[in-house]
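Here is a short report for a first look at this model. Please view the structure below before reading on.

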Amino acid sequence: MTEHYYTKDPTSRHEEHAFALECAGRTLQFETDAGVFSKLKLDTGTALLLKALPETFHGRALDLGCGWGPVGCCMAARWPQAEIALCDINERAVALARANLERNRLRGAAFCGDGLDAVEGQFDLIAVNPPIRVGKAVVYKLFAQSAQRLSDGGSLYVVMRKAQGAESAEKELKTRFARVETVERGSGYRVFRAEK
């Protein structure tokens, strides 16, 4: 069976890659590896998710399913006064996210665990590019956990491709959140902001 990026402990042979991203007026340096999502570049959906996030934010934010950490690192660069957490089920991804935070001298903490099980407390903002390929049950569980762990007035930002179920995901979000709106679109993707 082929291993996917939602694997807890990837066994694929290491293939390190390095590249830079511009964020908050800074050039951030990243290293990635085999066995993690979008190892060669920032994927289109995540780029759109980053565009949708607010310019300013104060509070506690979570990069859910952080991979090698582009969203969490950009959050930390953009919002230096915020408390930033990152989490992923993939141990290799979390190690990369931690290293990328340190490499760029950014404040944040990365945790390994299934969904929000690895992090404690409430959040004011959660951002996720969900692992569509593992199925709706996993994705909708992340939505449910996020709804429970957001503070009142908090927002969940979700990027999804229309061809991979964005419309059904929007309906699911509307069963759990007071308000759901599309805040960005492009290249077949939509970014939803779901407010508690």
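## A bridge in the sheet

Ala 61 has Leu 125, in β6, as its bridge partner. Strands β3 (residues 60-64) and β6 (residues 123-128) run parallel and are joined by four bridges. Two strands pair if DSSP finds at least two bridges between them. Strands (E, at least two residues) and helices (H or I, at least four) are DSSP runs, numbered from the N terminus.

The model is predicted: local features need pLDDT of at least 70, side-chain atom pairs count only at pLDDT 80 or more, and totals for chains, interfaces and linings use all residues. Residues are numbered from 1 along each chain as its sequence is written, and side-chain values use heavy atoms, leaving out hydrogens and water.

## The whole sheet

Seven strands form an open sheet with mixed pairing, in the order β5-β4-β3-β6-β7-β9-β8. At the edges are β5 (109-112) and β8 (179-186), each pairing on one side only.

## An enclosed helix

Helix α2 (residues 70-78) is largely enclosed by the rest of the structure, because nine of its nine residues are buried. Buried means under 20% relative accessible area, exposed over 50%, partly exposed in between (1.4 Å probe, protein chains only). Among the buried residues are Pro 70, Cys 73, Cys 74 and Arg 78.

## Arg 190

Arg 190 lies in strand β9 (residues 189-195). Its relative accessible area is 12%, so Arg 190 is buried. Beyond neighbours within four places in sequence, Arg 190 is in contact (heavy atoms within 4.5 Å) with residues including Val 158, Met 160, Glu 170 and Thr 182.
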